[in-house]
Amino acid sequence: QVNQSFFYSIGDLDQLREFARGASLEITQLAPGKMSGELAHIDLGESSIHVNRLNLPARGRGSLSPSRWTFVLFPTTVAARFNGFEIDSSDLLVYPPGSEFDGVTTQAFEDWVFTVDYEELAMVYWATSRRQLPELPRSVARLRPDPKCLARLRRIASATLITAEASPVLFCEDPIRHSIHFQILNQIAETIVSATSQVLPQMNSTNSHSHIVKQIEDKICEEIEVPMTLTELCAAARVSERT
């Protein structure tokens with residue numbers, strides 16, 4: 001049975017942790033105050049959209065979908081670092097199945113997360129364009145798509161979210177769900193194609209341990225008087241805390 005859609009208001013950090021636990025994510029509040037926000041999920045069958053809205057800086061980390069590719073889009077100005085990348089609203093993040101996610105925000109925050117099947121994504125793109133979808137990076141990467149493609153993806157996502165929040169019962173209807181599903185797949189594919197030549201370096205998952213240690217030692221020596229967190233050191237070396 002398809003899980004329709006839901007918008008879940010968060011009133012405190014304990015609620016947020018309880019909700020996130022089901023998604024294999026751990027949430028930590030990074031500033032004083034009462035954490036509040038909204039988490040939403042829209043199930044489209046073979047794809048889904050998630051929304052995260054938080055009123056305070058936070059850190060999230062954990063494992064993403066083991067079977068689907070995950071794309072992260074930012075609807076507004078953002079101040080955050082995800083998997084070692086400084087992020088802004090012109091970015092589209094790409095996570096292969098089973099990737100480790102590690103994100104830190106420095107202010108109130110919102111992002112939209114899409115999970116899709118890559119084979120279906122490629123099939124939809126071929127059906128509409130008669131072109132092959134380029135292979136995606138096999139580790140976490142940041143894309144800088146054409147702004148017009150990114151704007152179209154935002155419009156489709158925004159319209160879907162508004163509809164799901166106002167009339168969730170519509171998403172019980174297969175034709176509506178399938179129509180939105182294919183719209184999103186097609187626009188994600190076009191957005192990826194527009195950014196193929198602009199894939200930025202990803203985390204140094206292939207670095208040797210000795211090179212990682214050297215990078216961290218250099219960072220500490222550069223700012224020897226400044227206390228540093230583990231998150232900052234990992235960001236400097238572009239590796240996850242697990243590494």
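Begin by selecting strand β3, residues 37-43. Of its 7 residues, 6 are buried, so the strand counts as mostly covered; buried means under 20% relative accessible area, exposed over 50%, and partly exposed in between, with a 1.4 Å probe and protein chains only. Strands (E, at least two residues) and helices (H or I, at least four) are DSSP runs, numbered from the N terminus. The model is a predicted one, in which local features need pLDDT of at least 70 and side-chain atom pairs count only at pLDDT 80 or more, while totals for chains, interfaces and linings use all residues. Residues are numbered from 1 along each chain as its sequence is written, and side-chain values use heavy atoms, with hydrogens and water left out.

Next, select β6, residues 69-73. All 5 of its 5 residues are buried. In a regular strand the side chains alternate between the two faces of the sheet. On one side of β6 are Trp69, Phe71 and Leu73, on the other Thr70 and Val72, and both faces are covered. Which strands are joined to β6? Strand β11 runs antiparallel to β6 and is joined to it by 5 bridges, with Phe71 opposite Phe114. Strand β9 is also antiparallel to β6, through 4 bridges, and Tyr95 in β9 is the bridge partner of Thr70.

Now colour the largest nonpolar core, which has 34 residues. A nonpolar core is a set of buried Ala, Val, Leu, Ile, Met, Phe, Trp, Tyr and Cys residues joined through side-chain atoms within 4.5 Å. The members that touch the most others are Phe71, Phe114, Leu121, Ile184 and Ile188. Among the elements that give two or more residues to this core are β3, β4, β6 and the helices α2 (118-129) and α4 (174-194). Centre the view on Leu121: beyond its neighbours within four places in sequence, its contacts (heavy atoms within 4.5 Å) include Phe71, Val116, Leu133 and Ile188. A second, separate core has 14 residues, including Phe74, Ile87, Leu93 and Phe109.

Move along helix α4 to Val193. Is this residue buried or partly exposed? Val193 counts as partly exposed because its relative accessibility is 26%. Leaving aside neighbours within four places in sequence, Val193 is in contact with Tyr125, Leu133 and Pro134. Its C-alpha atom is separated by 9.7 Å from that of Gln132, which lies 61 residues away along the chain.

A search of the whole structure finds 1 cavity of 30 Å³ or more. A cavity is a set of points, on a 1 Å grid over the protein atoms alone, where a 1.4 Å probe fits but cannot get out; lining residues have an atom within 4 Å of a point. The largest cavity has a volume of about 130 Å³, a volume being the space filled by probe spheres set on the points. Of its 14 lining residues, select Asn83, Gly84, Asp102, Thr231 and Val239, the closest to its centre. Helix α6 (230-237) supplies the largest share of the lining, 3 residues.

How values were computed:
1 Å grid on protein atoms, 1.4 Å probe; cavity = no way out; pocket = protein on both sides within 12 Å on 5 of 7 lines; lining within 4 Å. Pairing = 2+ DSSP bridges.
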